[in-house]
Amino acid sequence: MAAMDTMLVVKNTFICEVGIEALSPMSVGRPRAQTEQTFCRRERYLVLDDCEAAVELDVPTACGIDLVPELQAALEFGGSAVESTVASILDLVGELVFHGEGCQLVHQALELASTTQLRSLVVKLRGAFRKAACCPHAHHLLLKLIHDFGAEVIAGIVSELVGEGSNLALDPFACAVLCSLFEFSEKDSETIALMDEVLASDVNVVCYHKHGHKVAVAMLHHGLPRHKSQILASLQSDAQRASRHRVAANVMVGALSGCDEEDAKQLAITIMAAPGAVKSLACHCFGQTVVRALLQLPDVSAQALQYLDKSKARLQRDRFGSLLLKELDTHPSLAVAYATRGGA
(Lines give C-alpha, C1' and ligand atoms only; values in the text may rest on other atoms or scores of the structure.)
Protein backbone atom coordinates (compact mmCIF):
# COMPACT_ATOMS: atom_id res chain seq x y z
CA MET A 1 0.00 0.00 0.00
CA ALA A 2 2.96 2.27 0.55
CA ALA A 3 3.65 2.03 -3.12
CA MET A 4 0.21 3.41 -3.85
CA ASP A 5 1.10 6.60 -1.95
CA THR A 6 4.16 7.28 -4.12
CA MET A 7 4.08 10.73 -5.71
CA LEU A 8 5.12 11.15 -9.32
CA VAL A 9 6.57 14.43 -10.58
CA VAL A 10 7.87 15.68 -13.93
CA LYS A 11 11.56 16.41 -13.71
CA ASN A 12 13.55 17.62 -16.75
CA THR A 13 10.84 16.26 -19.11
CA PHE A 14 10.96 12.81 -17.42
CA ILE A 15 8.34 11.34 -15.05
CA CYS A 16 10.17 10.49 -11.83
CA GLU A 17 9.19 8.96 -8.49
CA VAL A 18 9.90 11.13 -5.48
CA GLY A 19 12.14 9.42 -3.00
CA ILE A 20 14.18 7.42 -5.47
CA GLU A 21 16.57 10.31 -5.95
CA ALA A 22 16.61 13.90 -4.95
CA LEU A 23 15.28 16.45 -7.36
CA SER A 24 18.12 18.02 -9.30
CA PRO A 25 18.56 21.75 -8.73
CA MET A 26 17.41 24.15 -11.37
CA SER A 27 20.00 24.97 -14.03
CA VAL A 28 19.81 28.70 -13.35
CA GLY A 29 23.28 30.15 -13.63
CA ARG A 30 24.79 26.97 -14.98
CA PRO A 31 27.75 27.96 -17.21
CA ARG A 32 27.62 27.05 -20.89
CA ALA A 33 30.12 24.57 -22.22
CA GLN A 34 33.12 26.25 -23.81
CA THR A 35 35.86 24.95 -26.04
CA GLU A 36 39.25 25.38 -24.49
CA GLN A 37 41.16 28.18 -26.21
CA THR A 38 44.29 26.90 -27.90
CA PHE A 39 45.48 30.09 -29.43
CA CYS A 40 45.92 33.73 -28.52
CA ARG A 41 43.91 36.47 -30.10
CA ARG A 42 45.88 38.17 -32.83
CA GLU A 43 45.40 40.87 -35.37
CA ARG A 44 43.25 39.64 -38.28
CA TYR A 45 46.05 39.27 -40.80
CA LEU A 46 48.09 36.88 -38.62
CA VAL A 47 47.39 33.16 -38.97
CA LEU A 48 49.40 31.31 -36.34
CA ASP A 49 49.34 27.71 -35.20
CA ASP A 50 50.65 27.91 -31.66
CA CYS A 51 50.26 30.29 -28.78
CA GLU A 52 53.95 30.64 -28.17
CA ALA A 53 54.60 31.92 -31.70
CA ALA A 54 51.61 34.24 -31.47
CA VAL A 55 52.96 35.93 -28.36
CA GLU A 56 56.30 36.33 -30.04
CA LEU A 57 54.75 38.12 -33.04
CA ASP A 58 52.51 40.52 -31.13
CA VAL A 59 52.23 43.93 -32.84
CA PRO A 60 53.17 46.81 -30.54
CA THR A 61 50.23 49.10 -29.99
CA ALA A 62 51.70 51.59 -27.56
CA CYS A 63 54.30 54.30 -27.72
CA GLY A 64 55.24 54.57 -31.42
CA ILE A 65 51.77 54.57 -32.92
CA ASP A 66 50.63 57.16 -30.37
CA LEU A 67 53.20 59.58 -31.77
CA VAL A 68 51.88 59.44 -35.34
CA PRO A 69 49.83 62.69 -35.19
CA GLU A 70 52.76 64.60 -33.72
CA LEU A 71 55.27 63.21 -36.21
CA GLN A 72 52.85 63.79 -39.10
CA ALA A 73 52.45 67.45 -38.11
CA ALA A 74 56.21 67.93 -37.81
CA LEU A 75 56.78 66.35 -41.22
CA GLU A 76 54.17 68.56 -42.88
CA PHE A 77 55.49 71.68 -41.16
CA GLY A 78 58.89 71.19 -42.79
CA GLY A 79 61.80 73.42 -41.97
CA SER A 80 65.03 72.45 -40.30
CA ALA A 81 63.33 69.82 -38.13
CA VAL A 82 62.44 67.57 -41.07
CA GLU A 83 65.67 65.61 -40.95
CA SER A 84 65.32 64.83 -37.25
CA THR A 85 61.64 63.97 -37.75
CA VAL A 86 62.51 61.50 -40.51
CA ALA A 87 65.14 59.94 -38.25
CA SER A 88 62.58 59.61 -35.45
CA ILE A 89 60.07 57.97 -37.78
CA LEU A 90 62.60 55.47 -39.10
CA ASP A 91 63.70 54.65 -35.55
CA LEU A 92 60.11 53.60 -34.83
CA VAL A 93 59.61 51.74 -38.12
CA GLY A 94 59.28 48.38 -36.35
CA GLU A 95 56.10 49.64 -34.68
CA LEU A 96 54.69 52.11 -37.19
CA VAL A 97 54.82 49.95 -40.30
CA PHE A 98 52.26 47.43 -38.96
CA HIS A 99 49.53 50.05 -38.62
CA GLY A 100 47.68 51.85 -41.41
CA GLU A 101 48.45 55.46 -40.43
CA GLY A 102 51.93 54.55 -39.24
CA CYS A 103 52.80 52.83 -42.51
CA GLN A 104 51.65 55.86 -44.50
CA LEU A 105 53.90 58.03 -42.35
CA VAL A 106 56.86 55.72 -42.98
CA HIS A 107 56.30 55.96 -46.74
CA GLN A 108 56.31 59.75 -46.52
CA ALA A 109 59.53 59.66 -44.53
CA LEU A 110 61.16 57.36 -47.09
CA GLU A 111 60.72 60.02 -49.76
CA LEU A 112 62.88 62.36 -47.66
CA ALA A 113 65.34 59.85 -46.21
CA SER A 114 68.98 59.58 -47.21
CA THR A 115 70.51 56.42 -48.62
CA THR A 116 72.21 55.74 -45.29
CA GLN A 117 68.91 56.04 -43.44
CA LEU A 118 67.23 53.66 -45.89
CA ARG A 119 69.92 51.06 -45.34
CA SER A 120 69.54 51.38 -41.58
CA LEU A 121 65.79 50.86 -42.00
CA VAL A 122 66.43 47.52 -43.66
CA VAL A 123 68.61 46.51 -40.71
CA LYS A 124 65.88 47.49 -38.22
CA LEU A 125 63.34 45.27 -40.02
CA ARG A 126 65.48 42.15 -39.95
CA GLY A 127 63.70 39.37 -38.17
CA ALA A 128 60.28 40.82 -39.03
CA PHE A 129 60.20 40.32 -42.80
CA ARG A 130 57.89 37.31 -42.64
CA LYS A 131 55.44 39.11 -40.40
CA ALA A 132 55.64 42.16 -42.65
CA ALA A 133 54.95 40.07 -45.76
CA CYS A 134 51.61 38.93 -44.29
CA CYS A 135 50.60 42.35 -43.03
CA PRO A 136 48.07 44.41 -45.04
CA HIS A 137 50.14 47.53 -44.38
CA ALA A 138 53.78 46.47 -44.00
CA HIS A 139 53.89 44.39 -47.18
CA HIS A 140 53.71 47.61 -49.20
CA LEU A 141 56.99 48.68 -47.62
CA LEU A 142 58.62 45.37 -48.60
CA LEU A 143 57.48 45.85 -52.20
CA LYS A 144 59.07 49.29 -52.26
CA LEU A 145 62.33 48.03 -50.75
CA ILE A 146 62.51 45.16 -53.24
CA HIS A 147 61.92 47.53 -56.16
CA ASP A 148 64.31 50.25 -54.99
CA PHE A 149 67.16 48.19 -53.52
CA GLY A 150 66.99 44.94 -55.47
CA ALA A 151 69.59 42.33 -54.48
CA GLU A 152 70.80 44.52 -51.60
CA VAL A 153 67.67 43.79 -49.56
CA ILE A 154 66.18 40.77 -51.36
CA ALA A 155 68.64 38.28 -49.87
CA GLY A 156 67.61 39.22 -46.34
CA ILE A 157 63.90 39.02 -47.12
CA VAL A 158 64.11 35.68 -48.94
CA SER A 159 66.17 34.07 -46.17
CA GLU A 160 63.34 34.76 -43.70
CA LEU A 161 60.61 33.50 -46.06
CA VAL A 162 62.26 30.22 -47.04
CA GLY A 163 60.41 27.36 -45.41
CA GLU A 164 57.00 29.03 -45.71
CA GLY A 165 56.65 29.24 -49.50
CA SER A 166 53.53 27.10 -49.85
CA ASN A 167 51.67 29.06 -47.16
CA LEU A 168 52.83 32.50 -48.26
CA ALA A 169 51.73 31.86 -51.86
CA LEU A 170 48.12 31.60 -50.65
CA ASP A 171 48.28 34.67 -48.41
CA PRO A 172 46.43 37.75 -49.75
CA PHE A 173 49.40 40.04 -49.05
CA ALA A 174 52.46 37.80 -49.10
CA CYS A 175 51.61 36.59 -52.62
CA ALA A 176 52.45 40.06 -53.97
CA VAL A 177 55.79 39.98 -52.14
CA LEU A 178 56.62 36.59 -53.67
CA CYS A 179 55.74 37.82 -57.16
CA SER A 180 58.05 40.82 -56.72
CA LEU A 181 60.87 38.64 -55.39
CA PHE A 182 60.55 36.24 -58.33
CA GLU A 183 60.68 39.16 -60.75
CA PHE A 184 63.74 40.89 -59.31
CA SER A 185 65.80 37.89 -58.14
CA GLU A 186 64.86 34.97 -60.36
CA LYS A 187 68.48 33.72 -60.50
CA ASP A 188 69.08 33.75 -56.74
CA SER A 189 69.49 30.26 -55.25
CA GLU A 190 67.30 30.97 -52.22
CA THR A 191 64.61 32.49 -54.44
CA ILE A 192 64.67 29.32 -56.54
CA ALA A 193 64.31 27.28 -53.34
CA LEU A 194 61.28 29.43 -52.46
CA MET A 195 59.77 28.65 -55.88
CA ASP A 196 60.33 24.94 -55.25
CA GLU A 197 58.44 25.22 -51.97
CA VAL A 198 55.45 26.88 -53.62
CA LEU A 199 55.01 23.91 -55.96
CA ALA A 200 56.11 21.22 -53.52
CA SER A 201 52.66 20.12 -52.33
CA ASP A 202 49.77 20.50 -54.79
CA VAL A 203 50.25 22.59 -57.92
CA ASN A 204 46.50 22.58 -58.59
CA VAL A 205 45.86 24.34 -55.29
CA VAL A 206 48.20 27.16 -56.34
CA CYS A 207 46.79 27.50 -59.87
CA TYR A 208 43.14 27.53 -58.77
CA HIS A 209 43.57 29.71 -55.68
CA LYS A 210 42.41 33.35 -55.73
CA HIS A 211 45.81 34.53 -54.48
CA GLY A 212 48.07 31.63 -55.36
CA HIS A 213 47.34 31.91 -59.09
CA LYS A 214 49.20 35.24 -59.16
CA VAL A 215 52.33 33.49 -57.90
CA ALA A 216 51.88 30.76 -60.53
CA VAL A 217 51.74 33.38 -63.30
CA ALA A 218 54.90 35.05 -61.95
CA MET A 219 56.68 31.68 -61.98
CA LEU A 220 55.64 31.06 -65.59
CA HIS A 221 57.47 34.26 -66.54
CA HIS A 222 60.46 34.08 -64.18
CA GLY A 223 60.75 30.48 -62.99
CA LEU A 224 63.05 27.72 -64.16
CA PRO A 225 61.95 25.25 -66.86
CA ARG A 226 61.07 22.68 -64.18
CA HIS A 227 58.71 25.14 -62.50
CA LYS A 228 57.00 25.92 -65.79
CA SER A 229 56.69 22.22 -66.59
CA GLN A 230 54.94 21.54 -63.27
CA ILE A 231 52.40 24.30 -63.86
CA LEU A 232 51.86 23.25 -67.49
CA ALA A 233 51.21 19.67 -66.39
CA SER A 234 48.56 20.90 -63.97
CA LEU A 235 46.84 22.98 -66.67
CA GLN A 236 46.95 20.24 -69.28
CA SER A 237 45.45 17.67 -66.91
CA ASP A 238 42.10 19.48 -67.30
CA ALA A 239 42.56 22.24 -69.86
CA GLN A 240 38.84 22.91 -70.33
CA ARG A 241 38.20 23.39 -66.63
CA ALA A 242 41.25 25.61 -66.21
CA SER A 243 40.27 27.72 -69.23
CA ARG A 244 36.85 28.42 -67.71
CA HIS A 245 37.93 28.92 -64.11
CA ARG A 246 37.74 32.47 -62.81
CA VAL A 247 41.41 32.58 -61.72
CA ALA A 248 43.01 29.53 -63.37
CA ALA A 249 42.12 31.09 -66.74
CA ASN A 250 44.67 33.79 -65.91
CA VAL A 251 47.29 31.10 -65.33
CA MET A 252 46.36 29.58 -68.69
CA VAL A 253 46.84 32.95 -70.40
CA GLY A 254 50.15 33.36 -68.57
CA ALA A 255 51.29 29.95 -69.79
CA LEU A 256 50.38 30.70 -73.40
CA SER A 257 52.27 34.00 -73.29
CA GLY A 258 55.09 33.22 -70.84
CA CYS A 259 56.29 29.75 -71.85
CA ASP A 260 58.57 29.03 -74.78
CA GLU A 261 57.03 28.69 -78.21
CA GLU A 262 56.89 24.90 -78.35
CA ASP A 263 55.36 24.48 -74.88
CA ALA A 264 52.77 27.18 -75.62
CA LYS A 265 51.89 25.47 -78.90
CA GLN A 266 51.36 22.09 -77.21
CA LEU A 267 49.15 23.69 -74.57
CA ALA A 268 47.11 25.45 -77.25
CA ILE A 269 46.61 22.18 -79.14
CA THR A 270 45.40 20.55 -75.92
CA ILE A 271 42.88 23.37 -75.39
CA MET A 272 41.51 23.23 -78.93
CA ALA A 273 41.43 19.43 -79.11
CA ALA A 274 38.00 19.18 -77.49
CA PRO A 275 35.12 19.47 -80.04
CA GLY A 276 33.72 23.00 -80.13
CA ALA A 277 36.22 24.18 -77.51
CA VAL A 278 37.11 27.51 -79.16
CA LYS A 279 33.45 28.40 -79.77
CA SER A 280 32.51 27.44 -76.21
CA LEU A 281 35.38 29.39 -74.68
CA ALA A 282 34.63 32.45 -76.81
CA CYS A 283 31.14 32.51 -75.28
CA HIS A 284 32.39 32.13 -71.72
CA CYS A 285 33.07 35.07 -69.41
CA PHE A 286 36.53 33.75 -68.43
CA GLY A 287 37.22 31.51 -71.41
CA GLN A 288 37.20 34.46 -73.81
CA THR A 289 40.52 35.66 -72.34
CA VAL A 290 42.07 32.31 -73.25
CA VAL A 291 40.78 32.63 -76.83
CA ARG A 292 42.43 36.05 -77.10
CA ALA A 293 45.70 34.46 -75.98
CA LEU A 294 45.29 31.72 -78.61
CA LEU A 295 44.85 34.36 -81.30
CA GLN A 296 48.24 35.82 -80.35
CA LEU A 297 50.14 32.58 -80.99
CA PRO A 298 51.59 32.50 -84.52
CA ASP A 299 51.37 28.72 -84.91
CA VAL A 300 47.74 28.30 -83.82
CA SER A 301 46.03 31.63 -84.43
CA ALA A 302 44.94 30.66 -87.97
CA GLN A 303 43.27 27.51 -86.69
CA ALA A 304 41.60 29.41 -83.85
CA LEU A 305 40.25 31.96 -86.34
CA GLN A 306 38.90 29.17 -88.51
CA TYR A 307 36.94 27.79 -85.55
CA LEU A 308 35.57 31.27 -84.86
CA ASP A 309 34.57 31.70 -88.53
CA LYS A 310 32.55 28.49 -88.45
CA SER A 311 30.72 29.59 -85.31
CA LYS A 312 30.22 33.25 -86.22
CA ALA A 313 26.41 33.00 -86.21
CA ARG A 314 26.44 31.51 -82.72
CA LEU A 315 28.99 34.03 -81.47
CA GLN A 316 26.97 36.99 -82.75
CA ARG A 317 24.07 35.93 -80.52
CA ASP A 318 26.24 35.66 -77.43
CA ARG A 319 27.23 38.55 -75.19
CA PHE A 320 30.90 37.62 -74.94
CA GLY A 321 31.20 36.09 -78.40
CA SER A 322 29.82 39.19 -80.11
CA LEU A 323 32.24 41.35 -78.16
CA LEU A 324 35.15 39.22 -79.36
CA LEU A 325 34.01 39.44 -83.00
CA LYS A 326 33.65 43.20 -82.68
CA GLU A 327 37.19 43.46 -81.35
CA LEU A 328 38.48 41.43 -84.29
CA ASP A 329 36.72 43.79 -86.70
CA THR A 330 37.95 46.90 -84.91
CA HIS A 331 41.46 45.69 -84.04
CA PRO A 332 42.61 43.12 -86.60
CA SER A 333 46.02 42.95 -84.90
CA LEU A 334 44.33 41.01 -82.08
CA ALA A 335 44.93 37.91 -84.22
CA VAL A 336 48.38 37.27 -85.67
CA ALA A 337 46.95 35.53 -88.75
CA TYR A 338 44.09 37.97 -89.29
CA ALA A 339 45.88 40.07 -91.91
CA THR A 340 46.75 37.07 -94.05
CA ARG A 341 43.16 35.78 -93.95
CA GLY A 342 41.52 39.05 -94.98
CA GLY A 343 39.33 39.33 -91.89
CA ALA A 344 37.42 37.11 -89.56
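Analyst: The buried residues of helix H14 are covered by several elements, including H11, helix H12 (189-198), helix H13 (203-207), helix H15 (225-237) and helix H17 (248-258). Helices here are DSSP runs of H or I, at least four residues long, numbered from the N terminus. Buried means under 20% relative accessible area, with a 1.4 Å probe and protein chains only. The buried residues are Gly212, His213, Val215, Ala216, Val217, Ala218, Met219 and Leu220.

This is a predicted model, where local features need pLDDT of at least 70 and side-chain atom pairs count only at pLDDT 80 or more, while totals for chains, interfaces and linings use all residues. Residues are numbered from 1 along each chain as its sequence is written, and side-chain values use heavy atoms, leaving out hydrogens and water. The chain averages a pLDDT (the predictor's confidence in each residue, from 0 to 100) of 81. Of the residues, 77% score at least 70. Over residues 35-62 the pLDDT falls below 50.

H11 (residues 174-184) packs with helix H8 (residues 138-149) at an angle of about 5 degrees, their axes 10 Å apart. Axes are lines fitted to C-alpha atoms, for helices over the stretch in contact, and angles run from 0 to 180 degrees between N-to-C directions. H8 is therefore roughly parallel to H11, a term for angles under 35 degrees. In contact (heavy atoms within 4.5 Å) are His139, Leu142, Leu143, Ile146 and His147 of H8 with Ala176, Val177, Ser180, Leu181 and Phe184 of H11.

Conventions:
Helices (H or I, at least four residues) and strands (E, at least two) are DSSP runs, numbered from the N terminus. Angles under 35 degrees count as roughly parallel, over 145 as roughly antiparallel, 65 to 115 as roughly perpendicular and the rest as oblique. Buried means under 20% relative accessible area, exposed over 50%, partly exposed in between (1.4 Å probe, protein chains only).
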